[in-house]
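Please keep the sequence and the structure in view while reading.

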Amino acid sequence: MLAPAPRPPGSVAVRCSRAMLAPRARLSILAALLLTAAALVVLYEPQRLLASGWPPQTSGAGAVLLFGLAYGVCTAAFVPRPVLNLAAGALFGSAAGLTAALAGTVLGAGIAFTLGRYLGQDALRPLVRGRWLTAADGQLSRHGFRSMLAIRLFPGVPFAAANYCAAVSRMGYVPFLLATAIGSVPNTAAYVVAGAQADSPGSPAFLFSAGFIVLSGLAAAVVAWRKQHGLRAPAPAPSLSTASTTSATSTAEAPEPEPVGSTR
């Protein structure tokens with residue numbers, strides 16, 4: 001009898017690495033990371049830590065840089081951006097606060113997009129079915145920049161959810177990050193200016209930024225209500241005139257019966 005061929009020494013390691021690189025395994029890793037990040041946010045509330053001026057021993061450009069880095073990590077972990085934007089304005093003023101907030105916004109979007117692209121895209125793309133999901137995926141994949149720009153300008157779309165949904169599509173990094181940087185300016189600037197002018201609520205800058213926040217929130221609520229109402233509304237029944245016109249057209253187009261015994 002022939003002796004069985006010996007297995008290569010690295011066969012178990014190779015199988016384990018292949019199993020870890022499988023789409024479902026990577027999706028499980030992404031889910032575990034997001035759940036861990038959400039739990040840490042609930043337990044430790046890093047937004048309060050940033051709002052108190054951490055770290056207290058730094059100042060100037062170093063503090064702005066550290067705040068931007070922490071801002072990006074926190075937004076990828078589902079910390080609300082409005083709280084961080086208000087903190088940026090209160091700590092650094094309008095100009096430096098806006099710089100730190102926008103840098104952190106782009107950084108957090110890039111982190112979330114990278115995690116979603118490499119850990120979740122292969123497993124989630126086969127699940128993109130149905131009319132609405134297919135249309136949204138096609139819009140993001142073909143018109144990535146303008147679609148993401150509209151999402152960033154619309155204040156009612158959650159930031160982290162938009163990042164991970166865009167990662168499942170075929171959108172590229174450059175249009176995603178560029179649209180994020182441009183589209184996040186108005187809403188971010190309004191919150192940063194409101195935080196910087198919080199000690200003088202009667203100033204024109206604070207009133208303008210607060211008015212912009214309120215109006216954008218109302219517009220988002222109205223648009224969301226109209227979209228939900230349109231989805232729940234039943235399809236309109238065909239009118240009597242349309243039905244009669246359709247019946248007359250089909251009657252006119254129907255071929256006349258041939259007389260019995262006629263020959264051609």
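Rings of Phe, Tyr and Trp (for Trp, its six-membered ring) are taken as a pair if their centres lie within 6.5 Å, and the pair is called stacked with planes under 30 degrees apart, edge-to-face with planes over 60 degrees apart, and tilted for the rest. By this criterion the structure holds five aromatic pairs. The rings of Phe 113 and Tyr 173 have centres 4.9 Å apart and planes at 75°, so this pair is edge-to-face. Distant parts of the chain are linked by the pair, since Phe 113 belongs to helix H5 and Tyr 173 to helix H10, 60 residues apart. Phe 113 also forms an aromatic pair with Phe 176, and this one is stacked, at 4.4 Å centre to centre and with 25° between the planes. Here too distant parts of the chain are linked, with Phe 113 in helix H5 and Phe 176 in helix H10, 63 residues apart. Elsewhere, ring pairs join Phe 67, Tyr 71 and Phe 92 into a cluster.

The model is a predicted one, in which local features need pLDDT of at least 70 and side-chain atom pairs count only at pLDDT 80 or more, while totals for chains, interfaces and linings use all residues. Residues are numbered from 1 along each chain as its sequence is written, and side-chain values use heavy atoms, with hydrogens and water left out.

**Fold and accessibility**

Helices (H or I, at least four residues) and strands (E, at least two) are DSSP runs, numbered from the N terminus. The protein has 13 helices and zero strands. For accessibility, buried means under 20% relative accessible area, exposed means over 50%, and partly exposed lies in between, with a 1.4 Å probe and protein chains only. Of the 264 residues in the protein, 30% are buried. The table gives the class of several residues.

| Residue | Relative accessible area | Class |
|---|---|---|
| Phe 113 | 0% | buried |
| Phe 176 | 0% | buried |
| Tyr 173 | 30% | partly exposed |
| Val 41 | 13% | buried |
| Ala 61 | 64% | exposed |
| Phe 78 | 39% | partly exposed |

**Contacts between parts of the chain**

Val 41 sits in helix H2, which spans residues 23–44. Phe 78 is found in the loop between helix H4 (61–76) and H5, and its phi is near 75°, a positive value in a residue other than glycine.

**The loop at Ser 169**

Ser 169 lies in the loop between H9 and helix H10 (173–183), and at 1% relative accessibility it counts as buried. A polar contact is a pair of N or O atoms within 3.5 Å; within protein, one must be able to donate a hydrogen and the other to accept it, and residues adjacent in sequence count only if both atoms are side-chain atoms. A polar atom of the Ser 169 side chain lies 2.6 Å from the backbone oxygen of Ala 166, and the side chain of Ser 169 also reaches the backbone nitrogen of Met 171 at 3.4 Å.

**Cysteines**

How many disulfides does the structure hold? With a disulfide taken as a pair of cysteine sulfur atoms within 2.5 Å, the structure holds zero. Cys 74 counts as buried at 10% relative accessibility, whereas Cys 165 counts as exposed at 51%.

**The second largest pocket**

On a 1 Å grid over the protein atoms alone, a pocket is an open set of points where a 1.4 Å probe fits, with protein on both sides within 12 Å along at least five of seven lines, and its lining residues have an atom within 4 Å of a point. The second largest pocket is lined by 23 residues, of which Arg 81, Pro 82, Pro 155, Val 157 and Phe 159 lie nearest its centre. Helices H5 (81–119), H8 (144–153), H9 (159–168), H11 (185–196) and H12 (204–232) each supply at least two residues of this lining, and H12 gives the most, with four residues.
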